[in-house]
There are 2 protein chains.
Amino acid sequence: MDSTRNTIQRDIVLTMVRSMTDHPSADAVYAKIHGEYPSISRATVYRNLEYLSRSGQILHVEMPNGADCYDFNTSDHCHIRCEKCKKVFDISVPFSTRILENKTDPDGFLITKCNVTFTGICPACSGVSEGGACNE
Amino acid sequence: MDSTRNTIQRDIVLTMVRSMTDHPSADAVYAKIHGEYPSISRATVYRNLEYLSRSGQILHVEMPNGADCYDFNTSDHCHIRCEKCKKVFDISVPFSTRILENKTDPDGFLITKCNVTFTGICPACSGVSEGGACNE
DNA sequence: ATACATGCAAACACTTTGCAGCACA
DNA sequence: TGTGCTGCAAAGTGTTTGCATGTAT
């Protein structure tokens, strides 16, 4: 982090992510911001999401097969995407995803980051008739 | 799997993936095929990689932050991408990535798939001077 | 004053899709 | 002989970047 300038836009992005508890994608954050502040550009939102996650103020959740999302909750936890409603939820797993970080594995790899994500069916969608989904 | 037709193109894609041991991206598979068989289209390669992984003949490795890759080795194992040389390697972890699959977690999620990937520095790149990389 | 940040639009990387024609079972 | 597959090109999705201008320190 070599930049330290506090801009109105950066503050708005941080505030917006903190107000969204549904693991929004970068574009969802942009859309919400754009509704209130139409002059803020998509590039600025993307750049600030990157800055804020790098500086540890928000969590950047890298999702395979789909847009990455952002989480105001920076604590160590995992995520699951529902196959039906496509929403992302927190999930608790019986191990830390970070146990292996900054360790060297038997083959000589230095592990710097561990990414664990799940796919499944959320409680609201399970039991719903084929093709249906939770309140879409 | 409802399609069962064996085409020359499908066979070429399977053979090519089996000959590549470096976890190629779809585009890398296409590039190699295109060198030998210029008439095979990118779409066909992508469609067959999808088909072959769905039918269990190859492994589709979903990588966050970059192109997905394919693995001739369909056994249960994890992958790590080197931050410096960007290559993908197999890695062994002290747990099965599939232990949680087809289980219901305490919050009522049915877990269908578990994706575990690592980022780090490969043995060839560690110890190399800043900015350097393994034989680039 | 000046280096960092912004807005815009275009470019980028990766993948999917519509469609007309082809070929495997 | 028909439906599944192919090649082509275009579109789709998500994200980054070059550049001129603006602004926080």
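Me: Which residues line the largest cavity?
Reply: In this predicted model, a cavity is a set of points on a 1 Å grid over the protein atoms alone where a 1.4 Å probe fits but cannot get out, and a lining residue has an atom within 4 Å of a point. Both chains take part, and the lining residues are Phe95(A), Phe95(B), Ser96(B), Thr97(B), Ile99(B), Leu100(B), Cys114(B) and Val116(B).

Me: What kind of model is this?
Reply: Residues count from 1 along each chain as its sequence is written, chains are lettered from A and ligands numbered from 1 in the order written, and side-chain values use heavy atoms, leaving out hydrogens and water. Local features need pLDDT of at least 70, side-chain atom pairs count only at pLDDT 80 or more, totals for chains, interfaces and linings use all residues, and the model is predicted.

Me: How much space is in that largest cavity?
Reply: The structure holds 1 cavity of 30 Å³ or more. Volume here is the space filled by probe spheres set on grid points, joined across faces, edges and corners. For the largest cavity that comes to about 30 Å³.

Me: By what turn can chain A be laid on chain B?
Reply: Superpose the copies by least squares on C-alpha atoms (residues with pLDDT of at least 70 in both). The RMSD is 0.0 Å and the shift along the axis is 0.0 Å, with a turn of 180°. The two copies are thus related as by a two-fold axis, and the turn to remember is 180°.

Me: Which strand of chain B does S6(A) join?
Reply: Strands here are DSSP runs of E (at least two residues), helices are runs of H or I (at least four), and both are numbered from the N terminus; two strands pair if DSSP finds at least two bridges. Between the chains there are 11 bridges, and the strands run antiparallel. Leu110(A), for one, stands opposite Ile121(B). So the partner of S6(A), going by the bridges that define pairing, is S6 (residues 110-121) of chain B.

Me: Within chain A, which residue is the bridge partner of Arg81(A)?
Reply: Strand S3 (residues 78-82) of chain A runs parallel to S6(A), with 4 bridges joining them. Look across from Arg81(A) into S6(A) and you land on Thr119(A).

Me: Which residue takes a positive phi in the hairpin of S5(A) and S6(A)?
Reply: S5 (residues 103-104) of chain A and S6(A) run antiparallel, joined by 2 bridges. Lys103(A) stands opposite Ile111(A) there. The hairpin has 5 residues between the strands, and the phi near 95° belongs to Gly108(A).

Me: Which element gives the largest share of the lining of the largest pocket?
Reply: A pocket is an open set of points with protein on both sides within 12 Å along at least five of seven lines. This one has about 850 Å³ and 33 lining residues, with His60(B), Glu62(B), Lys113(B), Cys114(B) and Asn115(B) nearest its centre. Elements of both chains give two or more residues, among them S3 of chain A and helix H3 (42-54) of chain B. The largest share, 6 residues, comes from S6(B).

Me: And which element gives the largest share in the second largest pocket?
Reply: This pocket holds about 700 Å³. Among its 23 lining residues, Leu59(A), His60(A), Val61(A), Glu62(A) and Lys113(A) lie nearest the centre. H3, S1 (59-61), S3 and S6 of chain A each supply at least two residues, but the largest share, 5 residues, comes from S6(A).
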